[in-house]
Amino acid sequence: MIYLILLPMLVSMILIAFIKDRLLKSHWIAVSMAFLSLVISSVFFYLYLSKNVVENFNWFNIGSYAFQISFIANNLHLLMAVVVSLISLLILIFSIFYMKKEKQERYYFEMSLFISAMLGLVISNSFILFYVFWELMSISSYLLISFWYERETASNAAKKALILTKIGDISLLAGIIILFANTGTLSISATISNLSTIPQGYLVAAAALFIIAALSKSAQFPFYVWLPDAMEAPTTVSALLHSATMVASGVFLLIIISPLIYASGTLIYILPISLITIFVSSFLALDSVDTKRILAYSTIDSLAFMFLAVATLNPNGALFYLIMHAVFKSLLFLLAGELLILFGTRNIFKLRGYGIKKPIFYVPAFIGLSSLAGIPPFLGFFAHAALSYNFSASLEAIFVIATFLTSLFSFRLFFTVYHEDKTEKIREDKSAIIPIATLSMLSVIGGFSLFFFNSIIPINYSFDLFLVLDSIIALLGLFAAYYLYSNRDASYAKLDKKLKSIFGRLTYDGALSASGIAVTKFGGLVDKFEGLLGKAFDKISSLSFDLSYVSRELQSGDLSNYVVIFIVGVIIVMALMLAGV
Amino acid sequence: MIDLIYLILPEIVGIALLYLKNAFHSNLSSKTVSYGAMAVTLVILFLGIIFGFDGFNLMISKAIDFSVSFNLNGISLPFLFLAVLLPILVLPSYKYDIADRDLTFNALLLVIYVSLIAVFMSSNLLSLFMFMEISLLSAFFAIFLWGGDGSFNSAMKFLIFTQISSMLILTSFLMAFLYTGSFSLSSIASLLHGANSMYLSIMLLLIIIAAIIKFPVFPLHVWMPGAYYDSATSITAMLSGLFSKLGGYVLLLFIVFLTPNAVGYFSMPVMVLAAISAFYAAFVALSKKDLKLMFSYSSMLYMSLALMGMMSNNPIGIEGSIFLMVSYGFISPLAFVLTGYLKSQAGTTDMTKVGGLMKKLPVFALFFFIAIFASIGVPGFSNFIGEFLVFLGAFKFYPLLIISIVSMLIATGYYLSSIKMVLFEKFLGPVRKLRDLNGSELIQAGVFSLVIIILGILPYILLNSINLGAV
């Protein structure tokens with residue numbers, strides 16, 4: 001029954017594919033089906049509260065091996081399903097406003113596929129099924145990033161995203177194969193509870209491959225370069241991709257297989273990678289002038305926070321941050337999308353020129369960015385409390401710097417864009433207001449859920465001196481951003497230029513295209529060898545007999561006669577056989 | 001119960017009708033005859049799958065144990081399914097590149113059809129060999145009679161290589177006969193176990209080399225680019241979809257039934273070769289800007305993976321390789337059929353000369369996406385199961401796994417480039433009205449996709465029909 005969660009979005013796909021806006025607008029199909037999956041997952045969450053139910057289905061058998069697909073219902077998985085369907089629903093409602101002028105069926109079809117892949121992923125308890133949804137998510141994000149396929153930037157970004165995430169997909173598959181070859185089962189829960197039977201070497205290999213998979217999917221170092229380019233997708237897609245789906249699936253993978261990572265001892269590699277990611281992404285965010293790109297780097301930054309929590313044996317802290325992040329990040333993207341539609345630009349300085357300091361814009365933006373920065377009493381503050389529970393003193397010190405940088409780039413965006421008010425009244429669409437208002441409200445009050453989160457999933461948090469320091473530092477970042485960016489002057493431009501020259505290289509586009517060229521060149525060499533090989537064989541055969549001679553013979557004679565003779569011969573042979581001669 | 005002979009009777013009647021029609025200058029359309037015969041065969045296959053098949057045996061010469069005998073063994077049903085269904089699915093494409101010699105073509109089509117079906121159900125090695133020869137000879141004619149410039153040389157190369165391969169196969173069959181005194185698959189399987197391992201190894205080695213040629217796998221693939229490129233695209237679809245499976249089928253017969261004990265000696269070296277071949281094919285395909293050549297080398301890549309799976313010598317790898325062969329036996333023809341369609345509309349298969357077709361030909365684009373995504377192993381499409389099982393089967397040889405995984409990554413790269421070049425960005429082709437897939441082509445591509453998706457979602461349909469224990 002658990003698979004029912006998955007069903008509405010699949011139905012939505014099929015309906016959109018077959019009725020094609022003739023009977024029913026596809027956005028209504030998608031929105032109503034997303035609502036249905038929210039209802040179903042909420043009901044299931046209530047029904048299965050504090051239970052742990054696994055449903056197995058035999059997919060196929062080979063010899064004694066059973067390849068099972070299975071679904072799981074417990075607090076963790078169903079909570080994720082609720083979050084995913086809620087965020088998806090809000091984003092689909094926003095899409096009614098945002099995608100008004102676009103090709104509807106294709107968009108809603110691919111969005112439905114995207115959402116159903118994530119819903120399937122969070123409820124699957126079989127590695128093969130997990131992989132199926134994992135890969136479907138890559139493919140649907142590829143399709144969505146290339147939505148405006150006529151733009152070269154979009155088609156390049158889609159390709160880059162899929163190739164870089166494919167490295168992770170293949171690593172995941174290899175890890176699954178290693179585990180299956182050792183345990184003979186594809187069930188995630190059974191594998192996790194039988195870790196002691198797996199030889200240590202295989203355990204390390206599988207865990208390392210899973211970590212690579214998560215890094216690539218969650219756009220962490222060194223894979224982070226695909227995510228900012230994925231901005232070429234419609235903003236609603238980014239909102240979904242950055243919050244509840246795609247990048248979240250990498251962290252989710254680490255959360256559910258965290259016992260495997262802890263048993264293998266590979267977690268020591270996660271910590272340095274996350275720290276590198278945090279600083280690189282913060283600097284790149286400080287360097288960007290594009291709203292969506294800044295948000296993209298902030299996602300990479302936030303995901304690195306979650307990896308930090310996983311690396312400090314606190315996967316449930318990562319989960320809490322993941323859920324909170326989904327709320328405020330989708331809010332921020334929807335705001336960026338709204339500005340893009342209304343003013344036609346993503347450039348923060350151009351937006352500044354429009355003078356849009358209106359409460360309807362800047363209040364939700366302030367809420368979202370404060371959550372991102374970790375300023376109390378917004379979501380991020382509580383998420384930091386859960387996240388940092390296991391941090392050591394030195395890690396706390398580093399984390400404070402990260403908080404400062406995050407706060408700085410968040411409010412750089414805020415103070416640059418919302419500078420003055422000179423626009424006339426702007427008419428807003430209802431389908432844009434509802435999701436933004438809902439998400440803003442959640443961002444204000446949602447943080448308090450930390451206090452009863454423990455009854456759903458065991459979680460540790462502490463409001464200690466460190467957290468006070470952390471929030472003071474976040475406020476400091478706010479003030480620094482106000483001081484630096486609110487009144488843009490020459491020194492700012494100079495600073496900006498300097499930053500660009502330093503941090504511009506961190507996207508290592510040059511290295512990427514160089515490696516692409518190297519691969520192509522190697523391919524060219526192999527191809528050249530292939531040509532030589534073909535020629536060599538031609539030489540041999542022309543030495544042994546003259547092809548053209550035979551050719552002339554056959555072509556001068558009546559060819560069709562030859563074929564008829566051949567066919568007749570076959571018939572005679574067959575007839576003889578049948579006659580039993 | 002349906003007698004297996006009924007699967008080849010309609011074609012024989014069809015061939016006879018075509019001959020009579022020619023002799024008496026009748027107005028009967030040769031297309032009707034051949035298509036009708038194939039349709040009847042398809043119906044009989046489904047009846048047989050429902051009611052079960054009955055063997056057929058016709059002794060021709062007792063002295064050399066030569067009989068035309070049909071009996072399904074544990075691995076033949078998936079291939080039989082492919083051999084009956086695929087040629088029918090390719091039919092709507094012939095109108096683009098088969099312009100003349102209508103009668104000859106239809107007769108040849110039936111000969112190919114009947115002989116391939118007969119190969120996969122023959123239980124006498126001599127009759128299997130005979131039907132294989134008929135099919136390859138017919139393919140030779142099909143390549144050069146309707147191919148482009150230079151198709152004769154390519155066809156000749158194809159013929160030479162396949163004949164060498166056939167001689168190796170025949171030698172191995174004769175060795176089996178010399179030891180057991182029989183050509184019957186089941187009696188060889190039970191009698192050959194006593195032979196010394198050297199003898200068995202030589203037999204298997206001959207078959208392996210033959211299969212490497214027929215798949216094709218590096219370095220004996222040199223006939224492939226020419227034969228695939230110079231043939232009419234619909235013929236290429238048949239070559240890559242069906243003819244490339246002949247060697248694999250014979251090799252599987254040896255691995256699974258005839259010389260299972262000798263496989264261990266060759267497992268490692270042949271798998272290394274297969275991994276190299278996959279790697280090689282991926283990089284050559286990466287440099288090809290012609291869609292037809294790119295798909296040709298891709299076909300080589302997947303056949304290398306199939307070889308790897310069957311040589312891994314465990315049930316998962318073997319069943320995976322069968323699944324991969326059948327699955328790619330539908331995917332690669334779909335890719336070629338679409339390439340042929342592109343040629344008919346845009347006048348070229350050069351990827352750098354088209355573009356933006358997603359806007360111009362949205363239905364074509366949909367199926368192009370399906371062909372590409374199915375190839376790169378997206379779950380939901382059949383290749384995913386095949387690749388997964390092959391990799392799982394080859395797990396013990398994990399350094400090879402890494403090489404083939406890199407090949408898959410390269411394949412993803414060039415497949416995505418082809419999407420980018422063919423479907424995305426701006427249209428570069430000639431300024432004229434393009435017609436999107438409709439009518440028979442739409443049904444054709446639709447059924448192809450349906451088969452690929454059904455096999456991907458319900459793989460047990462195919463896997464349950466495999467029984468590695470039944471000769």
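Of the 581 residues in chain A, 54% are buried, where a residue is buried if 20 or more other C-beta atoms lie within 10 Å of its own, exposed if 12 or fewer, and partly exposed in between, with C-beta atoms placed from the backbone. The model is predicted, so local features need pLDDT of at least 70 and side-chain atom pairs count only at pLDDT 80 or more, while totals for chains, interfaces and linings use all residues. Residues are numbered from 1 along each chain as its sequence is written, and chains are lettered from A and ligands numbered from 1 in the order in which they are written.

Chain A has 26 helices and two strands. Here helices (H or I, at least four residues) and strands (E, at least two) are DSSP runs, numbered from the N terminus. Two residues are in contact if their C-beta atoms, placed from the backbone, lie within 7 Å. Among contacts in chain A between residues at least 6 apart in sequence, those joining residues at least 24 apart make up 82%.

Helix packing can be followed from α3 of chain A. Two packed helices are described by the angle between their axes and the distance between the axes. Axes are lines fitted to C-alpha atoms, for helices over the stretch in contact, and angles run from 0 to 180 degrees between N-to-C directions. Helix α3(A), residues 75–98, packs with helix α15(A), residues 315–343, at an angle of about 5°, and their axes are 11 Å apart. α3(A) and α15(A) are therefore roughly parallel to each other; angles under 35 degrees count as roughly parallel, over 145 as roughly antiparallel, 65 to 115 as roughly perpendicular and the rest as oblique. On the α3(A) side the residues are Val83(A), Ile87(A), Leu90(A), Ile91(A), Phe94(A) and Tyr98(A), and they meet residues of α15(A) including Ile323(A), Leu334(A) and Ile341(A). An α-helix has 3.6 residues a turn, so residues three or four places apart point the same way. By class, the contact of α3(A) with α15(A) has 10 nonpolar, two polar and no charged residues. In this count Ala, Val, Leu, Ile, Met, Phe, Trp, Tyr, Cys and Pro are nonpolar, Asp, Glu, Lys and Arg are charged, and the others, Gly among them, are polar.

α3(A) also packs with helix α10(A), residues 235–242, at an angle of about 170°, with the axes 9 Å apart. That makes α3(A) roughly antiparallel to α10(A). Ser88(A), Ile91(A), Phe94(A), Ser95(A) and Tyr98(A) of α3(A) make this contact with Thr235(A), Thr236(A), Ala239(A) and Leu240(A) of α10(A). The contact of α3(A) with α10(A) divides into five nonpolar, four polar and no charged residues.

Helix length can be checked too. The expected span of a helix is 1.5 Å times one less than its number of residues. Helix α13(A), residues 270–287, has 18 residues and should span 26 Å, and its end C-alpha atoms are 26 Å apart, which agrees. Among the buried residues of α13(A) are Ile270(A), Ser274(A), Leu284(A) and Asp287(A). In chain B, the 20 residues of helix α5(B), residues 102–121, should span 28 Å, and the end C-alpha atoms are 29 Å apart, which agrees. Of these 20 residues of α5(B), 19 are buried, so the helix is largely enclosed by the rest of the structure.

Some loops hold backbone features. The peptide bond from Pro376(A) to Pro377(A) is cis, with omega near 5°, and Pro377(A) is in the loop between α17 and α18 of chain A. In chain B, the bond from Phe218(B) to Pro219(B) is cis, with omega near 5°; Pro219(B) is in the loop between α9 and α10 of chain B. Leu313(A), in the loop between α14 and α15 of chain A, has a positive phi near 60° in a residue other than glycine. Leu313(A) is partly exposed, with 13 other C-beta atoms within 10 Å. Asn313(B) has phi near 60°, and counts as buried with 20 C-beta neighbours inside 10 Å.

Chain B also has a strand pair; two strands pair if DSSP finds at least two bridges between them. Strands β3(B), residues 56–61, and β4(B), residues 66–70, run antiparallel and are joined by five bridges. Leu58(B) stands opposite Val68(B) in β4(B). Four residues lie between the strands of this hairpin, and Asp65(B) takes a positive phi near 50°.

Finally, the two chains meet. Chain A gives 48 residues to the contact and chain B gives 55 residues. On the chain A side, α6(A) supplies the largest share, 12 residues.
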